Amino acid sequence: FKINNKLNIKKLRSDFIKNKTVIIENFLDRESADKLYNFLAFKMPEDWWYTSYYIQSLSGDNMKVIRKLPKNDNKINNLYMHAYKDFGEELFTYIFDRSINHAENCNCLECEYKEFLKSDNFKKFIKNVTKIDMSMSGEVFCSRYTSGQFLSPHHDIDKGTINFVYSLSKHWKPEYGGNLYLLEDDWRTIKKVVLSSYNRLALTLMNLPEENRIGIPHFVSPVSIGVKKPRLSITGWVS
């Protein structure tokens with residue numbers, strides 16, 4: 001994978017220092033972005049996607065990652081019903097599709113991209129933009145939000161210093177939903193909206209220990225009912 005060599009690093013650094021977040025358009029060169037998109041959208045086996053959910057109104061184990069179920073399956077319909085119920089009662093909840101770690105020797109494009117995120121080249125890029133030394137990468141996974149899926153407001157404690165969302169949603173429109181909202185400390189005022197797009201990397205300084213902050217509240221808005229395109233991204237944290 002190759003980072004776009006035409007990026008204005010000086011401007012990106014200025015934006016990040018000022019706003020503690022930066023949106024990087026055309027992060028990878030086009031060939032790299034298209035290759036990764038085609039894998040996630042068309043070539044990645046369906047049974048590599050899992051439905052991840054956290055539902056407080058369910059009895060027993062309410063946080064799970066399960067194999068993808070068809071939309072007409074009674075179990076998945078029940079999960080959606082409870083997730084919407086929790087959302088309406090302002091409880092933390094979510095339901096969306098994600099990947100899980102593959103076998104150690106897997107050489108698929110998702111795993112290749114994860115290795116790229118650990119590379120010296122990516123670490124150097126992070127430092128050039130944020131002035132933060134990246135010593136390690138945290139959890140990284142692919143996410144796929146489809147019609148009705150969402151992630152309610154929360155903050156990421158102990159996940160990492162910087163959160164990144166690499167968006168690979170082709171021909172996505174704002175009205176489709178699935179957009180990332182960053183909130184002020186009151187959890188009500190919108191600080192920034194990061195629209196889903198194609199080949200766009202968003203870097204956000206999520207945890208600010210020097211300011212006694214435990215994280216920036218944020219959420220992913222529900223993908224509108226009836227939208228047939230998937231909202232694709234790769235999400236992770238670096239420290």
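Biologist: In this predicted model, what makes a residue part of the lining of the second largest pocket?

Modeller: A lining residue has an atom within 4 Å of a point of the pocket. For the second largest pocket 17 residues are counted as lining, and Phe87, Glu90, Pro153, Leu183 and Trp187 lie nearest its centre. The volume of this pocket is about 380 Å³.

Biologist: Which element gives the largest share of that lining?

Modeller: Strand S6 does, with 3 residues. S6, strand S8 (180-183) and S11 each supply at least two.

Biologist: How do you know which class Phe87 and Glu90 belong to?

Modeller: Phe counts as nonpolar and Glu as charged, so Phe87 is nonpolar and Glu90 is charged. The whole lining of the second largest pocket divides into 12 nonpolar, 2 polar and 3 charged residues.

Biologist: What is the volume of the largest pocket, and which residues lie nearest its centre?

Modeller: The largest pocket has a volume of about 510 Å³. Its lining holds 28 residues, with Phe96, Phe141, Leu151, His154 and Trp237 nearest the centre. By class, that lining has 14 nonpolar, 8 polar and 6 charged residues.

Biologist: Why is another space called a cavity and not a pocket?

Modeller: A cavity is a set of points where a 1.4 Å probe fits but cannot get out, whereas a pocket is an open set. The count comes to 1 cavity of 30 Å³ or more. About 80 Å³ of space lies in the largest cavity, and its lining residues include Val165, Leu180, Arg200 and Ser233.

Key: Residues numbered from 1 in each chain as written. Predicted model: local features only at pLDDT ≥ 70, side-chain atom pairs only at ≥ 80, totals over all residues. Heavy atoms only, no water. 1 Å grid on protein atoms, 1.4 Å probe; cavity = no way out; pocket = protein on both sides within 12 Å on 5 of 7 lines; lining within 4 Å. Points joined across faces, edges and corners; volume = space filled by probe spheres on them. Helix = DSSP H or I, 4+ residues; strand = E, 2+ residues; numbered from the N terminus.
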